[in-house]
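Subject: Structure for your review

Dear colleague,

Please find below the structure that I am handing over to you.

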Amino acid sequence: MLMVGVNSVHAQYTFEGTFVMTKSVTSTKKKYLIIFILLLILFAASMITTLLTSKEIELHFPSFGYEHSNYSVEFETEGIAETGSIREENGDIILCLKALHPGSTYVNFQTIHKDDPALTDTFSFTIQVTGLGIIYSHRYTFNGIHLVFLYLAIFLLTLSVLLFIWHRQSKKAFHFSYKTILDFGLSLFFLAQSLILFATIIYTKIAHITLEGEHLFTVIALSLTFISLVATPVLLIFSVLITISNIGLIRKEGAHPSNALGILLSALLIIGLVAILMLTLMTNYYLSPGALITWVAVTRGIVSSLFFYFVCILFSTLLFCLLAGRHKPAYDKDYLIILGCGIRDDGTLYPLLQGRADRAIEFYKEQLEKTGRKAFFVPSGGQGTDECMPEGMAIRNYLLSQGIPEEQILPETESVNTLQNMKFSKKIIDANAADPEKSCIAFSTTNYHVYRSGILASDVGMNADGMGARTKWYFWPNALIREFVGLMVREWRTHAFLCVMFILQSVISGNLSWFFSLIP
């Protein structure tokens, strides 16, 4: 069966499509179930770790290079906690407190210098003991926090690996699928966060830095901010190159809005980077706690999450569009669809459309030479209001002029867009083929347009391979951006849902005190 992996729209055309739709929905439910179960397991492991290790807390204080002869610990409210031990290690004074009863108390910790007893250092802070006996400090630090970070890093890494596996399965099942792009982009998104978390854990252990509970959620936003800022040179170079290609396009083709998409994208990337940098500086500048720093941190988290997600999907889209444009189909094709894109007033082909026809002819001759297998041409395109004939007929005339036998040409002359190109061409192929399900199909279009055309082919239940004709250097970068925008708009509901999830995560990050207030 050739239609394995196609999307639910196929149900409108074939019984097999209905079966595939059901299978696709079931597969999606299984994926969500796997993620949910994995999240529950890691959450349970994290809670168990917390309960086992957080009955006492170790707080680190600087020794300032002095030796100390004595220490004193005073609790404002007795019976909440007690002193376990005090020791000096790696230049820090480590105070261990043990939980006794639920409640909150203010603590004064004083150290006396050994060489001069008159000199003292005083540290004041608040501790909280929950009903479960979890003791944490005013910065929401508790023992076992490294393990909680580790579980979170493992979850994100596992999620990244699962998404990559699903990306490979989707790509194998059907050559052109937006799921392939989305799964790969999300895999990069979560992989980067997990690597930052692992790096944070390793660094804090090596440098003897105490991880704080308030970073449990904010470290995700911090990691995305860090990655975005580190990627600034690459994104700036990309923006400059895209802008240069757009300027060349505008000079050659004219100043149309569609010819400035690359410039617009470059401007958005630069604005995003500047916004993240300014919010990072503001977060570091306003050191005192309060509503301002909370909302700055929340805004930075939201902007960083959405910006990096956008960059991951952009990279994934451009990567697979470029690979699709360079793809060479196997020499086993029965039908070659040529997608129309406008003709001259006299019915001859513009260079862009001629390139598509030439690419199909080149493949036809190569396949005939290597395998002896003849393919039918399906030149596809209707007649526009400013055109003297249907594009399908104009391409047919060009094919005849290039020595293609007339009996090998099956023109399609009704379509007005790429989706209809695929839909109406499929009808012609199904009517002509002895066994439509066994027909091997390829389509020829311009290199930047191959991937989205393949997705549209799958929308009508046609599992077609694609080949790309080359275009001028200044044209394809802007065209790739146009494909990216088209694919984003096509799946806007999916992107909107994910963006809402990232925004909620950032809001929770900035209001961690509310989250901790829920702990019994």
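This is a predicted model: local features need pLDDT of at least 70, side-chain atom pairs count only at pLDDT 80 or more; totals for chains, interfaces and linings use all residues.

Residues are numbered from 1 along each chain as its sequence is written, and side-chain values use heavy atoms, with hydrogens and water left out.

Salt bridges

A salt bridge is taken as a side-chain nitrogen of Lys or Arg within 4 Å of a carboxyl oxygen of Asp or Glu. The count by this rule is 14 salt bridges. Burial is given by relative accessible area: buried is under 20%, exposed over 50%, and partly exposed in between (1.4 Å probe, protein chains only). Helices (H or I, at least four residues) and strands (E, at least two) are DSSP runs, numbered from the N terminus.

One of the salt bridges joins D183 and K179, with the closest N and O atoms 3.0 Å apart. Both residues belong to helix α3 (residues 178-206) and are four residues apart, about one turn of the helix. D183 is buried at 8%, whereas K179 is partly exposed at 33%.

A further salt bridge links D334 and R373 at 2.7 Å, N to O. D334 sits in the loop between α7 (291-326) and β8 (335-339) and R373 in the loop between α8 (351-371) and β9 (376-380), so the pair ties together parts 39 residues apart in sequence. D334 is buried at 18%; R373 is partly exposed at 31%.

R490 and D459 also form a salt bridge, their closest N and O atoms being 2.7 Å apart. Because R490 lies in helix α12 (residues 476-490) and D459 in helix α11 (residues 450-459), this pair ties together parts 31 residues apart in sequence.

The sheet

Four strands form an open, parallel sheet in the order β9-β8-β10-β11, where strands pair if DSSP finds at least two bridges between them. β9 and β11 (465-469) stand at the edges with a single partner strand each, so one side of each has no neighbour in the sheet. The twist averages 25° from one strand to the next. Four bridges join β8 to the parallel strand β10 (residues 441-446), and I337 has F443 in β10 as its bridge partner.

Kind regards

Technical notes
Axes are lines fitted to C-alpha atoms, for helices over the stretch in contact, and angles run from 0 to 180 degrees between N-to-C directions.
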